[in-house]
Amino acid sequence: MLGASPVEAYRLIVAGALGQPERVAFVLSAWAPLLLAAAGLLVTFAAGLWNIGVEGQVLLGAVFATGALRALGHLLPPPGAVLLAGLAAVLGGSLWALLAGALRAYGNVNEIFGGLGLNFIAGSLTVYLVLGPWARPGIASTSGTLPFAPSLWLPTIPVPPLEVPGEVFLGIAAMGAVSVALRGTYFGLHLAAIGRSLRAAHLRGIPTTREMLRAFAACGGLAGLAGFVLVTGAHSRHQLFPLISGGDGFLAILVVLLAGRSALACILISGAFAAISMGSLQLPLAMQLDSSMGGVIQSLLVLCAILLRGLRARLVSREG
Amino acid sequence: MAASPPVVFAVLGETLAERSGVINLSLDGLLLLTAMVAFAAARATTTLLAGFAAAMAVGALVGLVVAVASLTLRQHQVAAGFVLTLLCQNLAYVLGAPVAHLPGPQVAHLPLPLFRNWPVLGPVLFSQDPLVYLSIAATAAAWWYLAKTRPGLVLRGAGERPAAALARGIHVTRVRYLYTLAGGALVGLGGAAFSLAVKPGWSRPYGIEGTGWIVLAIVIFGNWDPLRGAAGAYLFVLLQTLATVLQSLMPRVPTQVFPTLPFPLMILALLLVTVGNSEWVQRGLRRLPAGTRRGVVRVLRALQASPPAALGVPLEQE
Amino acid sequence: MRVELRDIHKSFGPVRANDGVSLTADAGTIHGILGENGAGKSTLMKVLAGILQPDRGEILLDGAPVRISSPAAAIRLGIGMLQQDPLDFPSLSVLDNFLLGSPGGLVLDRRRARDALRRLGARFAFALDPDARGEDLTVGERQQLEILRLLRLGVRVLILDEPTTAISASQRGQLFAALRAMAADGKVVFFVSHKLEEVQELCDAVTVLRRGRVAGEAAMPAETGRLVQLMFGQEPPRVTRARLPLGPPVLELADVTASDARLTLEHVSLQVRAGEVVGLAGLEGSGQRLFLHACAGLAPVTRGRVRIAGRDLTGRSYAQFLAAGGAYLPAGRLGEGLIPGLTLTEHAALAGRHGTLFVDWRAAARAAARHIGELHIRGTPRTDVQALSGGNQQRALLALLPDHVSVLLMEHPTRGLDLESAEEIWRRLLDRRARGTAIVFSSSDLDELLARSDRILVFSGGRVAGPLDAREATVERLGELIGGKGV
């Protein structure tokens with residue numbers, strides 16, 4: 001259809017993702033923000049909330065992290081500055097998510113629209129900062145703010161034969177923490193109850209509004225951390241630039257839709273999706289195919305999964 | 001005026017689908033995809049009509065996927081719609097790459113001979129391209145269909161109280177399929193209106209990304225009514241135009257900021273039409289003196305958006 | 001048209017709603033279907049109207065057997081049913097409600113429909129504003145609209161399910177006159193009711209149902225005593241209960257006014273003492289739920305005071321009601337009481353909270369196992385509550401109550417349960433009562449109300465009568481009050 005063989009395209013994607021050690025490193029560093037955002041989304045999905053605002057929460061995390069590093073990078077020893085930048089990112093992401101949550105809880109604005117609107121606002125805030133107050137001295141261009149010094153980058157950890165970016169461990173730890181929180185804590189149990197039936201949860205005495213806002217805040221915090229990683233990660237551009245989130249938030253929603261509620265499945269699928277995204281960047285060079293091919297493959301996979309899930313349920317209910 | 005048809009068509013299409021009870025959330029991607037398809041098809045065949053037809057067919061096809069997923073397979077409408085949004089958007093970029101930045105056919109202006117010489121109004125209203133006239137006609141037709149015809153009444157009933165519609169012998173699922181498809185086709189017409197008239201050609205990014213979400217919000221703001229929805233669409237286009245004017249007046253603010261101005265307004269508008277339902281507003285209202293309260297309640301009620309009662313609710317057969 | 005139902009069977013799970021019901025109604029008559037709530041009246045009529053499919057049995061119209069597969073098919077055969085809550089469209093105008101579903105061309109001919117509505121309405125003295133919105137009508141007007149719509153579709157058999165529940169006395173008069181006029185036209189009218197005096201006033205013949213079977217038939221007029229006996233069987237033997245020494249008042253309502261979207265309860269005062277059982281009688285939707293919600297902080301109280309266990313909770317939240325030792329078990333055991341999709345262990349964990357961060361799953365599983373053992377719940381700690389039967393769900397709900405409950409508010413404690421389960425539930429409840437819990441429950445089973453309550457409040461269309469002393473109350477007296485006599 002496109003004058004290109006699909007088999008060849010897949011081969012190129014795989015080669016593009018895993019062919020050389022540095023490519024693998026890029027895949028790993030693309031994996032980390034996806035892991036973090038997906039971990040956050042597991043929390044909101046548990047409560048039946050559609051936090052489409054996750055994309056904007058990633059951006060706000062990146063903005064807050066950049067702000068903190070710009071302000072503190074010279075004042076504190078690098079590890080302290082990076083740590084504080086991470087905390088600032090968590091704060092930024094949660095505040096942005098709480099805004100969507102409050103619009104939903106107190107203003108009856110569906111979180112899908114509230115979140116989307118906030119995504120676009122976050123986008124234009126980023127552009128404004130990059131071109132305005134945080135522009136590089138002398139030139140204001142959309143290419144981004146002044147890159148940070150290597151001392152402010154997240155470390156890589158050697159796992160022979162690879163240099164694994166540190167943020168990957170952060171992502172997997174976040175996924176583990178969320179998994180434990182959802183299974184093991186009252187917070188998780190409350191969210192499961194709210195997701196099943198808001199009314200019954202309320203009548204069981206669960207403070208539903210408070211727990212929903214907490215879910216938003218938790219998701220936003222993790223998404224903010226994803227933004228932090230995009231700014232400070234070992235293989236990142238170490239700067240804030242427009243569209244820095246690059247659809248990671250939306251991609252994380254696809255991951256969670258495909259993985260259901262399983263953290264392990266989230267880890268594997270987000271890894272695969274990171275590989276597809278990175279690998280498809282090779283397509284334009286080799287085959288004149290647009291790099292969005294990766295997005296097509298990812299969303300097609302999830303669509304098929306949804307349709308198959310429905311088909312299976314239908315067949316089962318026929319038999320029963 | 002000239003930039004309004006795509007938004008108007010999309011608002012009308014989504015209004016029809018949602019009135020029957022189905023949310024087609026894929027609008028943002030669908031507009032892009034149909035814009036690309038329309039341009040590619042019109043270029044390949046050098047016929048504008050083929051472009052419109054192809055875009056409408058693709059719109060209906062995506063509507064069909066939404067309908068199958070939600071009505072037949074009973075999956076979450078939002079999940080299916082969201083995935084389709086991304087799928088359509090990426091497909092548009094991939095399939096459209098070969099025709100990006102190429103010239104192609106374009107809808108010509110069609111001044112209405114009798115009226116265009118009217119002072120002031122003439123040039124504004126009557127020397128537009130035919131799509132503008134068509135979108136106005138479609139708005140009127142959609143209103144007429146919903147308000148005055150038997151199938152329009154059935155459509156409203158299916159989205160309002162499907163159990164009651166079933167009791168009256170209406171095939172609710174069939175009705176919903178029909179309007180999800182028809183609504184998708186109208187959205188496709190909107191996409192085609194972008195690439196064949198308003199913003200001729202194709203590129204990546206195409207520049208209308210985000211419009212589909214605004215359309216979904218306009219449908220809510222328009223209270224699922226074709227006339228109020230179309231008014232919302234014109235308001236949005238007006239705001240966009242104002243943003244470009246502002247941009248030239250404020251050269252120091254980065255240009256990328258202006259296109260996003262409608263989004264905070266979208267949130268505010270939604271807040272305005274939904275906040276009246278929330279508990280704390282109701283409680284606060286009870287404290288106001290009776291006279292003020294009546295006034296406030298009247299304003300809130302006039303603004304209030306009340307969705308079709310069964311919107312997004314799967315049909316349970318007894 | 002002559003309507004015959006032969007040996008109709010219809011079960012919902014273990015409940016036999018209709019267990020071999022047969023009846024015949026002749027053209028030009030009003031046929032009463034009399035029975036208590038839950039006797040199977042509505043099920044039988046829904047079978048005739050094509051809303052439910054019978055498990056067994058046949059339907060004959062003028063001697064010819066027919067299959068009625070859907071409400072639309074019923075309409076084609078000339079059978080229309082007016083539901084208790086009319087199936088209309090609240091957001092549409094009266095005229096559009098009248099038109100929706102009618103055959104005709106593409107464009108609605110509203111002028112003709114308006115004429116038809118006015119003409120038909122005039123014949124039965126129903127004055128409806130064609131341009132009013134459905135949601136602004138009273139229930140009585142919505143019924144009138146449905147009746148006119150069905151008549152315009154050419155219905156020759158009209159079924160009315162408890163039509164007088166929520167309408168005014170004058171609307172009732174209008175309705176009865178209209179039904180008589182329809183019978184005089186040769187139509188068959190089925191009038192479903194549990195109100196003796198209405199059936200006596202209106203009907204030409206009556207079939208009495210009891211527990212899903214025909215208890216008897218009678219031509220009108222029939223003796224009241226005989227009908228009562230057919231409806232209720234023998235007066236239930238009174239359970240002799242130990243009179244417990246009552247404790248201090250734990251639920252106090254002083255001149256309470258509360259309202260929800262549909263109803264307003266005005267000036268309700270009641271004092272319930274620890275160890276007391278108060279029953280709430282009345283048709284579904286007469287204000288019992290609103291009353292319970294007002295007590296629990298789930299519905300706004302606009303006037304008066306509510307005190308729970310000595311604490312003034314007027315205008316306070318449901319959380320504070322729970323904190324004061326209140327508990328509420330709603331009618332929807334699944335989706336209101338229990339959370340569908342969660343297991344018994346998860347419910348146990350939710351019930352036994354101690355302010356820690358982590359859930360002690362082992363303790364929760366132990367608690368769930370204890371509940372299962374003590375209350376004979378058929379399931380395991382890992383069973384999804386959705387998979388439990390109604391009786392087991394109710395037992396699980398009781399098990400999940402905290403140890404000390406000062407006031408237990410409950411809707412339909414035994415609805416849909418078999419006798420054994422119902423008995424078991426009550427044994428548990430009375431245990432609680434012996435430990436000082438006050439119980440306020442609503443029920444549509446008069447026997448249950450009389451047998452279990454100390455006092456009974458009777459609700460009728462938002463008005464409250466009583467409290468009556470349950471030892472002195474009779475089924476007849478309650479029936480009268482429920483029907484709105486002497487409130």
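Reply: In chain C, the C-alpha centres of domain 1 and domain 2 lie 34 Å apart. The model is a predicted one, in which local features need pLDDT of at least 70 and side-chain atom pairs count only at pLDDT 80 or more, while totals for chains, interfaces and linings use all residues. Residues are numbered from 1 along each chain as its sequence is written, and chains are lettered from A and ligands numbered from 1 in the order in which they are written.

Domain 1 of chain C covers residues 3–232 and domain 2 of chain C covers 249–482; such bounds come from an automatic or database domain assignment. Between these domains, 10 residues of domain 1 of chain C are in contact with 11 residues of domain 2 of chain C, where contact means that the C-beta atoms of two residues, placed from the backbone, lie within 7 Å. On the domain 1 side of this contact, 6 residues are nonpolar, 3 are polar and 1 is charged. Here Ala, Val, Leu, Ile, Met, Phe, Trp, Tyr, Cys and Pro count as nonpolar, Asp, Glu, Lys and Arg as charged, and the others, Gly among them, as polar.

Chain C also meets chain A, in a contact that takes 19 residues from chain C and 15 residues from chain A. Helix 10 (318–323) and helix 11 (344–351) of chain C are the elements giving two or more residues to the side of chain C that touches chain A. Helices (H or I, at least four residues) and strands (E, at least two) are DSSP runs, numbered from the N terminus. Helix 11 of chain C provides the largest share of that side, 3 residues. By class, the side of chain C that touches chain A has 13 nonpolar, 3 polar and 3 charged residues.
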